[in-house]
Amino acid sequence: MLSGRRLDLLNPHAVDIEIDDIALGLSRVARWNGQTTGDYGFSVAQHCLIVEEICAHIEPRITPTHRLMALLHDAPEYVIGDMISPFKAALGFDYRRFEDQLEQAIFIRFGLPGKIPPYIKTLIKQADHACAFFEATQLVGFRDAEARQYFGEPPAGYELILTPMSDREACQAFISRFNALTALLTP
């Protein structure tokens with residue numbers, strides 16, 4: 001990693017994980033394999049920022065701990081990239097286990113529980129689909145009905161206009177939000 005850390009992908013340790021590495025990696029990984037409109041690819045970092053925001057819209061009482069989990073929900077992609085769900089399924093259980101181990105190490109590194117509680121996982125998945133709906137209709141060229149078929153209804157009362165950020169802007173925004181959320185955590 002650019003921080004100088006060496007991360008063993010097959011046996012990740014929390015001590016080898018740095019938020020700057022995560023933010024940089026996620027800011028340079030493009031959603032939709034870069035097949036989006038605009039001057040910049042739509043990064044996983046920007047996607048994560050929006051998913052965390054949508055979680056709070058859907059569930060206004062969500063705790064800072066769970067908001068941080070939402071922000072970090074795709075954090076393993078800083079080293080493994082963004083793969084579409086059907087491809088992940090085709091790779092099978094070993095891929096899912098690998099991704100889960102990395103996610104657990106990331107969460108532990110930042111003082112979070114190693115696993116996302118099921119009700120929060122459901123909330124994050126709902127927000128993830130909502131964000132994908134907006135991405136699909138605004139950046140990828142899906143028709144509204146087609147996006148609803150794949151991703152469901154966007155949350156009531158939530159509106160979003162997407163403007164892809166540069167990797168530098170996305171990295172800085174991700175770190176800033178991470179810092180704001182970690183400041184809210186009680187020791």
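Reader: In which segment is H13 found?

Author: H13 is found in the segment before α1, where helices (H or I, at least four residues) and strands (E, at least two) are DSSP runs numbered from the N terminus. This is a predicted model, in which local features need pLDDT of at least 70 and side-chain atom pairs count only at pLDDT 80 or more, while totals for chains, interfaces and linings use all residues. Residues are numbered from 1 along each chain as its sequence is written, and side-chain values use heavy atoms, with hydrogens and water left out.

Reader: Is H13 buried, partly exposed or exposed?

Author: Buried means under 20% relative accessible area, exposed means over 50%, and partly exposed lies in between (1.4 Å probe, protein chains only). H13 has a relative accessible area of 39%, so it is partly exposed.

Reader: What is H13 in contact with, leaving aside its neighbours within four places in sequence?

Author: Contact means heavy atoms within 4.5 Å, and on that basis H13 is in contact with L7 and A105. The C-alpha atoms of H13 and I106 are separated by 8.3 Å, although these residues are 93 apart along the chain.

Reader: How should I read the nonpolar core, and which residues have the most contacts inside the largest one?

Author: In soluble globular proteins, nonpolar side chains tend to be buried together. A nonpolar core is a set of buried Ala, Val, Leu, Ile, Met, Phe, Trp, Tyr and Cys residues joined through side-chain atoms within 4.5 Å. The largest one here has 55 residues, and those with the most contacts inside it are I22, L72, I106 and F174. The elements that give two or more residues to this core include α2 (44–58), α6 (93–109) and α7 (118–140), and α7 gives the most, with eleven residues. Leaving aside neighbours within four places in sequence, L72 is in contact with I19, I106, F107, F110, L112 and F174.

Reader: At what angle do the axes of helix α1 and helix α9 cross?

Author: Axes are lines fitted to C-alpha atoms, for helices over the stretch in contact, and angles run from 0 to 180 degrees between N-to-C directions. The axes of α1 (residues 19–28) and α9 (residues 167–184) come within 8 Å and cross at roughly 140 degrees, and that makes α1 oblique to α9. Angles under 35 degrees count as roughly parallel, over 145 as roughly antiparallel, 65 to 115 as roughly perpendicular and the rest as oblique.

Reader: Which residues make the contact between α1 and α9?

Author: Among them are I19, I22 and L26 of α1, together with A170, F174 and F178 of α9.

Reader: How are α7 and α8 placed relative to each other?

Author: The axes of α7 and α8 come within 9 Å and cross at roughly 155 degrees, and the two helices are therefore roughly antiparallel to each other. The residues making the contact include A132, F133 and A136 of α7 and A147 and F151 of α8.

Reader: At what angle do α2 and α7 pack?

Author: They pack at an angle of about 120 degrees, with their axes 8 Å apart, and are therefore oblique to each other. Residues that meet include I50, V51 and I54 in α2 and L123, A127 and C131 in α7.

Reader: Is D82 buried or exposed?

Author: D82, which is found in the loop between α4 (77–80) and α5 (85–91), counts as buried at 17% relative accessibility. Not counting residues up to four places away in sequence, D82 touches V29, A30, R31, W32, N33, V44 and E77.
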